[in-house]
Structure formats: structure tokens, C-alpha cells
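I wanted to look up the aromatic contacts here.

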Amino acid sequence: MIENLIEAISIVFTLKMLLIILLGSFVGIIIGALPGLGPTVGTTLIIPATFGMEPTAALILLVAIYMTAEYGGSITAILISSPGTTAATATVEDGYPLTQKGYPGKALGASITASTIGGIFTTFILLFLTIPLMNFALKFGPAEYFALGFFGLSLVASLSGKSILKGLLMAILGLLISSIGLDPLTGQPRYTFGSFYLLEGISIIPALMGLYAVSEVFNMFLTQNNTIKKLGKKVSKQFITLKEFKSMLPVIFQSSFIGSFVGVIPGAGGSIASWIAYQQSKRIAKDKKDYGKGALSGVAAPEAANNATVGGALVPLLSLGIPGSPTTAVLLGALMLHGLTPGPKLMETDANLFYGLIIGLFITCIFMFFVGSLLTNFWVKLISLPQTFIAPIILSISVIGAFSVRNLMFDVYITLGFGVLGYFLKKFNFPLAPIVLALVLGGMMESNLRRALLISDGSWMIFLTNPISLILILIALFTFVSPILKNVFTSKKSKVS
Amino acid sequence: MKVANIIFSVLLLTLMSWILYLTLQIPKSPNPNIIGPSYVPLVYVWVGIVLAVFILLNSIREKTKEQFKLDKKFFLYVGIAIVYMILITIIGYYISTILLLIILFLLLGIRKLPQLMIIPIAYSLFVFIVFEKIIALPIP
């Protein structure tokens with residue numbers, strides 16, 4: 001492992017790579033800070049720019065954006081109480097009161113410090129958790145892979161929205177969309193309407209670009225707020241002191257730990273992790289009396305946690321090839337465009353990609369710290385830019401992105417279609433994450449299901465006699481049933497009382 | 001919101017039923033022991049129909065006071081996006097994008113002439129230099 005890391009250092013420490021990471025950190029922070037745009041939109045919009053790069057550079061750029069966008073969300077949360085990403089919602093609780101008191105510099109300082117430590121912590125988690133999981137997954141056959149997909153998807157469907165029914169329906173919709181095109185085993189066209197373009201199915205990148213970026217563009221057009229809240233006082237440059245830093249450390253470590261492990265669970269991303277970390281930090285924070293009124297630990301906890309989910313979320317993606325969140329689904333799409341399939345065999349073929357990513361993430365965190373803390377005044381100016389300028393430009397960048405995947409205008413229309421669909425689904429509180437995950441996992445799930453049934457001569461028992469697949473399927477079923485049971489019990493209780 | 005929710009649920013149910021109709025037309029596997037191309041989508045679509053029915057029932061039962069109004073402007077913006085995409089195939093990306101940005105900026109209430117002119121042109125130059133020349137992306 002040490003030799004691989006040293007080799008990776010020599011790959012990453014080139015001027016080009018460092019510039020790429022710097023660019024990624026810059027773009028990531030901006031996209032994270034802009035309300036409505038988060039790591040998913042950021043990575044999707046930048047994918048076209050990675051086409052000409054080697055896979056390692058492309059992955060590092062995307063992950064740099066993912067990591068820094070998680071920090072960027074806190075800037076707007078702290079300064080104008082409008083979180084830039086959903087994962088920064090908890091940061092508002094204590095970040096904005098600090099700004100009101102005249103200490104935005106301290107709040108931003110706590111956020112960047114916590115984010116950096118969270119990011120570095122999770123890089124180690126990624127390094128130490130991925131390889132054992134890969135070795136374990138090497139023995140997986142089609143039954144286990146189907147069960148894994150089923151497990152991941154059902155967790156995402158039940159965790160990502162308020163209504164489990166809506167989440168499940170979205171997963172089904174995504175699975176059906178993923179069935180468009182030639183059947184993977186027999187080559188029979190499905191839902192193609194005789195169209196030549198649909199034979200290859202719906203490309204993931206245009207669909208994602210529509211669901212996340214274009215739908216948000218429509219939303220921005222219709223709810224334009226040109227009068228962004230003006231900042232009361234000038235941002236004081238006063239950074240956190242060493243003493244304050246030391247007092248936050250226990251909270252930062254606890255939150256990094258929570259974030260990393262919540263990140264591994266499919267469907268539970270930065271927003272869930274940051275709330276859990278915020279709640280848990282109240283127990284051990286030295287300034288717990290100030291919670292809700294501007295406690296530095298209250299800023300550090302969610303921010304360490306949401307950055308820490310990044311490495312955690314990459315673990316199942318790299319070791320099993322199963323993304324657990326929309327952003328990792330984008331990364332999977334990007335890797336596939338570069339002809340790479342993440343999973344247990346990745347180490348045999350592209351060990352440098354993995355170790356390069358580890359080093360790249362590490363440098364990203366360092367760069368994020370400097371870019372984030374030195375340019376505070378720049379971020380303040382930037383967020384006062386009205387959305388009016390940003391939304392139309394995102395629309396035209398999406399067109400380039402959708403077109404560039406296959407050089408087809410058809411994909412641009414697909415993007416627009418998914419944009420309209422995404423807009424309505426969001427309006428009616430249907431979660432988008434299950435569609436994206438189903439879209440990415442659908443093909444793999446179906447082929448593995450059918451391969452498993454070929455092996456077992458058509459007997460479905462193969463999924464139950466195999467211990468790993470049995471456990472995964474049971475957990476998946478439990479996630480469906482548990483909210484229903486909870487509802488039944490709570491309604492009985494309320495009737496009794 | 002309630003009426004809108006019901007309408008949307010009915011639309012989803014209709015969508016699922018239509019997909020069911022399409023799925024039934026996919027040829028079945030000749031060998032009953034091997035599941036064919038239509039088997040898995042058929043399972044999905046039946047589950048989808050059941051879910052859509054439950055969501056419809058929920059939307060009838062629920063009581064919300066939230067108002068949902070579909071802004072008519074939505075269709076205007078979608079229309080502009082469609083026209084933009086068609087224009088790209090006729091007059092190319094750069095001119096259409098400059099037009100799109102100017103029109104959208106005007107609609108969104110920007111009246112300052114320098115902003116209206118400089119941002120679209122600067123953006124197009126940026127795309128040309130960075131995307132087309134440096135990264136060598138295909139531009140529609």
C-alpha cells in the first residue's frame with residue numbers, strides 16, 4: 001500500500017494535476033455556495049470538461065468539486081442563512097446567529113477548519129475501508145450483485161423522501177427508464193418506439209443534467225429573488241483563535257466519524273449526517289449553552305460531518321460499483337464514460353486510479369482550506385450576484401454537456417424532457433435520488449438477476465440460500481416494512497391515548 | 001394543493017398504465033424456464049401501478065392547505081428552451097446562446113444595457129476559448 005501511495009504521489013504532484021485540483025476547489029466552492037446548486041449539479045456540469053482527461057485526473061477533478069461543494073454550502077448558510085446545499089441546512093442554526101452578532105469570520109473559520117479535518121479524516125476511511133470491502137466482494141456472484149443493487153436502491157427509496165411510497169415509485173420509474181433500449185441478454189428492443197437513438201437507452205449524463213440542473217434552472221426562473229438579503233455588517237476578518245480551535249476538536253472528530261460512516265450507507269448523505277452530527281455534538285460540546293445562539297461547535301459539527309460523508313460515499317462506489325447517492329451516481333456515470341467499471345476488480349486493473357484519488361482528495365482538502373479561508377471577501381461578493389445571471393448560463397452549459405456525450409442533439413432534448421419532469425416531481429415532493437440511482441443500477445440489477453436465475457435453472461431460491469444475498473434482501477425488505485409498522489403502532493398509540 | 005396532488009397522481013397512474021400497455025407488447029421468452037426480456041419490466045410496472053394507486057388514495061385522503069399554482073410563465077420558459085434548442089441546429093450554438101441569454105435577462109428584469117450585452121458575449125467567448133479550443137469539446 002505504501003509503495004502504491006508513493007507512486008500515486010508522483011502521479012498527482014504534477015503542475016497539471018495540481019492546477020486541476022485548484023480549479024476543482026474553486027468551482028466546487030462557488031457551486032456549493034450558490035443556493036440550489038450542490039455537488040450533484042456541480043459534478044454533472046463539469047463532466048464534459050473531463051472528456052479529454054485521463055481517468056485519474058477526471059475522477060480527481062470531480063471528487064474535488066464534490067468535496068469542496070460540501071464546504072461551499074456553508075458560506076451562504078452562514079452569511080445569509082440560506083444554505084447553499086441541503087447538507088448545510090444544519091449549519092444555519094449556529095452559523096447565521098454568529099454573523100448577526102458580527103462574527104461571520106469566526107463562523108466561516110470554524111466551518112473551513114471543520115470541513116478540512118472532516119475531509120482528511122474521511123480520506124483515511126476511504127483508504128482503509130475500500131480494499132477490505134473489495135476483497136470481500138471478489139467472491140460475489142450474480143445473486144449477491146442483484147441483492148446488493150436491490151438493497152442499495154431500497155435504502156435510497158426509503159431514506160430520500162418524506163414518503164416511502166413516493167420514493168419507491170420513483171425507483172420503479174427509474175428502473176423502467178433504465179429498461180429502455182436493447183435487452184442486455186437477448187438484444188430485444190424495449191420501449192424504443194422504433195427510434196434508432198433509443199436503442200442504446202437513455203444516457204445517464206443527459207438525464208441527470210435534466211433532473212438536477214435544468215429543473216433547478218426552471219425553478220430559479222420562476223422564483224427569482226434579485227433582492228438577496230444584504231449583509232448587515234462588513235465581514236470581519238477575525239478568524240478563529242487557537243483556543244477556540246482546540247475546544248472544537250472533540251466535536252470535529254466525533255462528527256467526522258459520524259459523517260464517514262453515514263456516508264457509506266446508501267441513501268443517507270450529507271444532509272442526514274450533518275443533522276445527526278449536530279444533535280450528537282450537543283452532548284460533548286464545551287459551548288453547548290450557546291447552541292442555537294451562535295456556538296462555534298454548532299457550526300463545526302455539521303460541516304465536519306458533511307465533508308466526511310464524501311469519502312464514506314466513495315467506499316461502496318469504488319469497492320462494489322454501487323453508488324449510494326446522486327453525486328456518486330454521477331461519478332459512476334463519468335467513470336463509465338472513461339471505460340472504467342468500479343468494483344472489486346478495479347484494483348487489479350487500475351490501482352493507480354484509487355491511490356491517485358486518495359492523494360488527490362488529500363490535496364483537495366489542503367487547497368480547500370486555503371482557497372476557502374483566504375478568499376472570504378470574494379465569496380461574499382459572489383453570493384450577492386443575482387440568480388438572474390446564473391440560471392440562463394446553466395441552461396446553456398447543460399446543452400453543451402448533454403450534446404457532448406454522444407454528439408447528438410437528441411440527448412439535448414432528453415435533457416430538456418428530464419428537466420420538465422424533474423421540475424414537477426420536485427414541486428410535488430417526489431424525491432429525485434431514487435430515479436437517478438435506479439437509472440444507474442437498473443441494467444446491472446436486471447442482468448445479474450437473470451444470470452443468477454440461469455445458474456439456478458430458474459429457481460428463485462438462489463437468492464435465499466445464498467447468505468449474503470439473503471441478509472441484504474432481508475434488510476431491504478425491513479426498510480420497506482419498518483415505516484409502515486411504525487405508522488401502525490403510532491396510530492394505535494394515539495387512538496389509545 | 002390537494003386538487004393538484006390528485007391530478008398529478010392520476011397522471012402518474014396513467015403513465016404507469018401506458019407503460020404496462022407498452023410492456024405487454026414486448027415478446028415473451030419462448031422457454032418458460034428462462035425469463036425473457038419482458039419479465040423484469042413487467043414486474044416493475046405492476047409494482048409501479050400498485051404504488052401509484054396508493055399514492056392517489058393518499059392524495060385524496062390528505063388535507064393540506066398549501067396552494068399549488070402552476071405559474072403560466074413555466075410554459076413560456078419551456079417554450080423558450082425548445083425554441084433555443086431548435087435554433088441551435090439552424091444557426092449554431094453561439095448566436096442562439098447570445099440571443100437566449102439576452103431574451104432571458106430581459107424577461108428576468110435586467111434592464112442595464114452593458115450587462116445585457118457584455119455577459120452573453122463574454123460567456124460565448126469563454127465557451128469558445130475554454131470548451132471548444134482548450135478542452136476541444138464538440139459544440140452543437
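This is a predicted model: local features need pLDDT of at least 70, side-chain atom pairs count only at pLDDT 80 or more; totals for chains, interfaces and linings use all residues.

Residues are numbered from 1 along each chain as written, chains are lettered from A in written order, and side-chain values use heavy atoms without hydrogens or water.

I searched the whole structure and got 29 aromatic pairs over all chains. Rings of Phe, Tyr and Trp (its six-membered ring) pair with centres within 6.5 Å; planes under 30 degrees apart are stacked, over 60 edge-to-face, the rest tilted.

I looked up Trp460(A) with Phe463(A): the centres are 6.2 Å apart and the planes at 40 degrees, so this pair is tilted. Trp460(A) also forms a tilted pair with Tyr39(B), at 6.2 Å and 35 degrees. Trp460(A) lies in the loop between helices H18 (433-455) and H19 (462-465) of chain A, and Tyr39(B) in helix H2 (39-61) of chain B, so the pair joins two chains. Helices are DSSP runs (H or I, at least four residues), numbered from the N terminus.

I checked burial next (buried under 20% relative accessible area, exposed over 50%, partly exposed in between; 1.4 Å probe, protein chains only). Phe463(A) is buried at 3%. Trp460(A) is partly exposed at 41%.
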